[in-house]
Amino acid sequence: MNISTVPFDPVALASRLAQAFAQGGRIPAAQVHVADSAQAYAVQNAWVDQVLRSGGAVGGWKVGAPNNETEPNAAPLPNACLHPSGAPLGTPAAALRGVELELAVRLKADLLPGDRLPSREEIAAAIGDVLPVVEILNSRLVETLKSPPATKLADLGNHGALVLGAPASGIDPLTLDLTRLHTRLSVAGQEVVNVTGGHTSPDLWRLLAWLARHAQARGLPLRAGQVITTGSCTGLVIAEPGSLVEGELTGIGQVSLRV
């Protein structure tokens, strides 16, 4: 049967992806056919439903965009995927091990704008912490990063894990400016990125406002305690197994892990 004639079943697709996630396996992208972002988000929601039924929780979100004009995209992150800096990850041998240094915020209050975009002042008032993070990218798809965009989005946007650095002290969220943020990333003792303003979509408040409305529309509103990571400041770097990854956001803090 042609894969395009198979009825779309987000629950079945989410089950396959979640099983591959748990077991470190991969599925041919053609077997996870999703037509567009709406179907990708339906698969994500079904995945979250399974996480919640098993006693888990949504620990955070990832949001990003290729530029300041394109609509962002997002994925909820299971709480089990969040780890403190320096914690052993137990990364599967076949994992992709893509690493990206990012800026994240932790909410101290729910952010519930309804069907409108909240102002930057509303968003800032809900932010409790600002912290450096490294997102570990992985894939449950055989074609990994070459998979169709909607299929990668269904796969939680290639999410593998999020490693959290210590929160910065004395940061007023309203002063955050990704165009001026200096970032350094080292892998196995070698500096691989040293850049200022490396984010491809540096309008932080646009990303967070879009996510707040988007998440609530999906029935998964942003809640106090969740960590929101806002996209790569360094681009994607592939690390070798066992490598020590060290990142720094100047003025915010450091984060490290071994992949």
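Visitor: How many bridges join E11 to strand E12?

Guide: This is a predicted model. In it, six bridges join E11 to E12 (residues 253-258), and the two strands run antiparallel.

Visitor: What lies between E11 and E12 in the hairpin?

Guide: Three residues separate the two strands of this hairpin. Gly-251, in the turn, has a positive phi of about 85°.

Visitor: Which residues of E11 make up its covered face, and which its uncovered one?

Guide: Strand E11 covers residues 244-249. Val-245, Gly-247 and Leu-249 form the covered face, while Leu-244, Glu-246 and Glu-248 form the uncovered one. E11 also has a partner in strand E7 (residues 182-187), with which it pairs in the antiparallel sense over five bridges.

Visitor: With which strands does E4 pair?

Guide: E4 pairs with E5 in the antiparallel sense over ten bridges. With E9 the pairing is antiparallel over four bridges, and with strand E10 (residues 237-238) it is antiparallel over two. Each pairing can be located through one pair of residues. Glu-100 has Glu-135 of E5 as its bridge partner, Glu-102 stands opposite Ser-232 in E9, and Val-99 stands opposite Val-237 in E10.

Visitor: Is E4 mostly covered or uncovered?

Guide: E4 is mostly covered, since nine of its ten residues are buried.

Visitor: How many salt bridges does the structure hold?

Guide: The structure holds seven salt bridges. One of them joins Lys-62 and Glu-135, with the closest N and O atoms 2.9 Å apart. Lys-62 belongs to strand E1 (residues 58-64) and Glu-135 to strand E5 (residues 127-137), so this pair ties together parts that are 73 residues apart in sequence.

Visitor: Why does Lys-62 count as buried?

Guide: The cut-off for burial is a relative accessible area under 20%. Lys-62 counts as buried because its relative accessibility is 14%. Glu-135 is buried as well, with a relative accessible area of 1%.

Visitor: Which residue meets Arg-223 in a salt bridge?

Guide: The partner of Arg-223 is Asp-110, at 2.9 Å from N to O. The two lie in distant parts of the chain, 113 residues apart: Arg-223 in the loop between helix H5 (204-217) and E9, and Asp-110 in the loop between strand E4 (98-107) and helix H3 (120-126). Arg-223 is partly exposed, with a relative accessible area of 37%. Asp-110 is also partly exposed, at 36% relative accessibility.

Visitor: With which residue does Arg-140 form a salt bridge?

Guide: Arg-140 forms one with Asp-155, the closest N and O atoms being 2.7 Å apart. Arg-140 is in the loop between E5 and helix H4 (149-154), and Asp-155 is in the loop between H4 and strand E6 (159-164), 15 residues away. Both residues are buried.

Visitor: Why is H5 described as largely enclosed by the rest of the structure?

Guide: Eleven of the 14 residues of H5 are buried, so the helix is largely enclosed. The buried residues include Trp-205, Arg-206, Trp-210 and His-214. From its first C-alpha to its last, H5 reaches 20 Å, close to the 20 Å expected at 1.5 Å a residue. Just after the helix, Gly-219 takes a positive phi of about 80°.

Visitor: How many disulfides are counted?

Guide: The count comes to zero, the rule being a pair of cysteine sulfur atoms within 2.5 Å. As for individual cysteines, Cys-81 counts as buried at 4% relative accessibility, and Cys-233 is buried with a relative accessible area of 3%.

Key: Residues numbered from 1 in each chain as written. Predicted model: local features only at pLDDT ≥ 70, side-chain atom pairs only at ≥ 80, totals over all residues. Heavy atoms only, no water. Buried < 20%, exposed > 50% of the residue type's maximum accessible area, 1.4 Å probe, protein only. Salt bridge = Lys/Arg side-chain N within 4 Å of Asp/Glu carboxyl O. Pairing = 2+ DSSP bridges. Expected span 1.5 Å × (residues − 1).
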